[in-house]
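Subject: Two-chain model for you

Hello,

Here is the structure I promised to hand over. Please load it first, then read my notes below.

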Amino acid sequence: MGKGIFEVLFEYYPIFLQGLLGTLKFAFIAVFFGTLVGTLVAIVNLSKNKYVSAIATVYVNVLRGTPLLVQMYIAYFFIPMAIPALNSIDKVYYVLLALILNSSAYVSEIIRGGINSVDRGQIEAARSLGMTASHTMTKIVLPQAVKNILPALANEYIAMVKETSLAGTFMLYELMYTRTLLANKYLVWQPLFIIAGIYLVVTLVLSWIVKQMEKRFRKSD
Amino acid sequence: MANKIFNEVLIETVDLKKNFGTLEVLKGISEKIYRGEVVSIIGPSGGGKSTFLRCLNLLEEATDGKVIFEGNELSLKNTDINLHRQKIGMVFQQFNVFPHMTVMENITLAPILEKKIPKEEAEKKAMELLKTVGLEDKVHEYPGRLSGGQKQRLAIVRAMAMEPDVMLFDEPTSALDPEMVKGVLDVIQALAESGMTCVIVTHEMGFAKRISDRVLFIDGGVIAESGTPQELFDHPQNQRTKEFLAEVLY
């Protein structure tokens, strides 16, 4: 069995800490840009032009219907091959790109649901005041949609923290990658439990934060 | 109020038609609304009155025909509909106040955003309007804490803040508790008496009779009869009008 879990944790905590920072960094990037792209995809998806909305539907279906790991492999190997000009760019970014796009597909479906959940009368009232379509979207629809979808969105973000573990496969320094580092020191099973424990603490803390935010949001009802 | 003279056409519809799928809701309505006029629209449910009203600011896109507002044909591609809608206030049956904004924000949002009115000026104007409907002490509340009648008065103020040339009311009291109706009707009446052009779809026959210059009876997608309140309520000519009034005036 070798060393105990806590022994390993105390001895190598800087490595885990750096892994955690990597995980949080990648999750934040995926969530932030995934939400931006996802919002755009949702709006395109809601277009009255059915050809335009079909593009978004295909986008969402492909990204949700294939495994993230496969998407990461394709991004990692295929993009630099297909576009040699991009060869000089660090491959980390391609893995991140896959994370972002994957996240955007899930987020866009949540946002689309949220936009649809806003009462049509709200849109009519805004338009009848002479508000432009884009102002109606940003000032009336999206703020109410966000409130409706906050729990679903938060769950997606928390899931994204876990999804980033796949990035370790590509030698990106995040939590899961610490396993590879410590395996070189013949520590095989202890890092796995430590990593699992850290993920658990992070997701529980995030869930708690989201609950507090929801409570504050509910105040304006 | 029947002695006023109206000579400037504000809104004109020409052979306005609207289909929902295969259902013909409006079968060709040609009508003029004059500046300063108070026009009530009555008729049975499903007859097309709300659809007609909603076509006036293009919330419903007409299948055929024209809507001309202040000389501009609204349905033309190069018409900036937002600009014209700023001058066409609308009040809805379901209030449609913005729940995520305070009373003040509800009122000042569109003037600040679309008319580029400075915030302070917009808020000053909003306070004046709120006083006229007795909501000045609710200015910082969210709509969730207002009664139905207060929400509807807020909706009226919100529309008025854009300084419209006409106000459209789509069954403004139909979703209200009975004891809330009078407060809202009083506000509409005050507006009408101030010279605001009003088009009101309503089931409040007594109210329509009292404040209207003209009443339209819409049934089966056409204006079956129109006239002064006295003509229409006291001496209806059309058989359908007679039947409808017999049903609602019991």
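How many helices and how many strands are there in chain A? Chain A has eight helices and zero strands. Read from the N terminus, its elements run α-α-α-α-α-α-α-α. The C-alpha trace of chain A spans about 70 × 50 × 25 Å along its principal axes. Please keep in mind that this is a predicted model.

Chain B: the six-stranded sheet

Chain B holds an open sheet of six strands. The order is β6-β7-β8-β3-β9-β10, and the pairing is mixed. β6 (88-91) and β10 (222-227) of chain B are the edge strands. Each has a single partner strand, so one side of each lacks a neighbour in the sheet. From one strand to the next, the twist averages 20°.

Look at the β10 end of this sheet. β9 (residues 214-219) of chain B pairs with β10(B) in the antiparallel sense, over five bridges. One bridge to check is that of B:D219, whose partner in β10(B) is B:V222. Helix α9 (residues 239-248) of chain B packs on the sheet. This helix touches β3 (38-42), β9 and β10 of chain B. Its direction makes about 95° with that of β9(B).

Chain B: the four-stranded sheet

Another open sheet in chain B has four strands, in the order β2-β1-β4-β5. Here the pairing is antiparallel. B:I11 stands opposite B:F69 in β4(B). Helix α1 (residues 49-56) of chain B lies across β1, β2 and β4 of chain B. The helix runs at about 125° to β1(B).

Salt bridges

Over all chains, the count comes to 20 salt bridges. One of them joins the side chains of B:E8 and B:R35, at 2.9 Å from N to O. B:E8 sits in the segment before β1 of chain B, and B:R35 in the loop between β2 and β3 of chain B, so the pair ties together parts that are 27 residues apart in sequence.

The interface

How many residues of chain B are in contact with chain A? There are 23, and they meet 18 residues of chain A. The area buried between the two chains is about 1,900 Å². Carbon and sulfur atoms give 61% of that area. In chain B, the residues that lose the most area to chain A are B:F98, B:H100 and B:E114. Together they make up 26% of what that side buries.

The rule finds one salt bridge across this interface. B:R54 forms a salt bridge with A:E124, and the closest N and O atoms are 2.6 Å apart.

Which elements of chain B give two or more residues to the side that touches chain A? They are α2 (81-85), β6, α3 (103-114) and α5 (148-160) of chain B. α3(B) gives the most, with four residues. By type, the residues on that side of chain B divide into 14 nonpolar, five polar and four charged.

Best wishes

Definitions and conventions. Residues numbered from 1 in each chain as written. Chains lettered and ligands numbered in written order. Predicted model: local features only at pLDDT ≥ 70, side-chain atom pairs only at ≥ 80, totals over all residues. Heavy atoms only, no water. Pairing = 2+ DSSP bridges. Axes fitted to C-alpha atoms, helices over the stretch in contact; angles between N-to-C directions. Contact = heavy atoms within 4.5 Å. Buried area = accessible area lost by both parts, 1.4 Å probe. Salt bridge = Lys/Arg side-chain N within 4 Å of Asp/Glu carboxyl O. Nonpolar A, V, L, I, M, F, W, Y, C, P; charged D, E, K, R; others polar.
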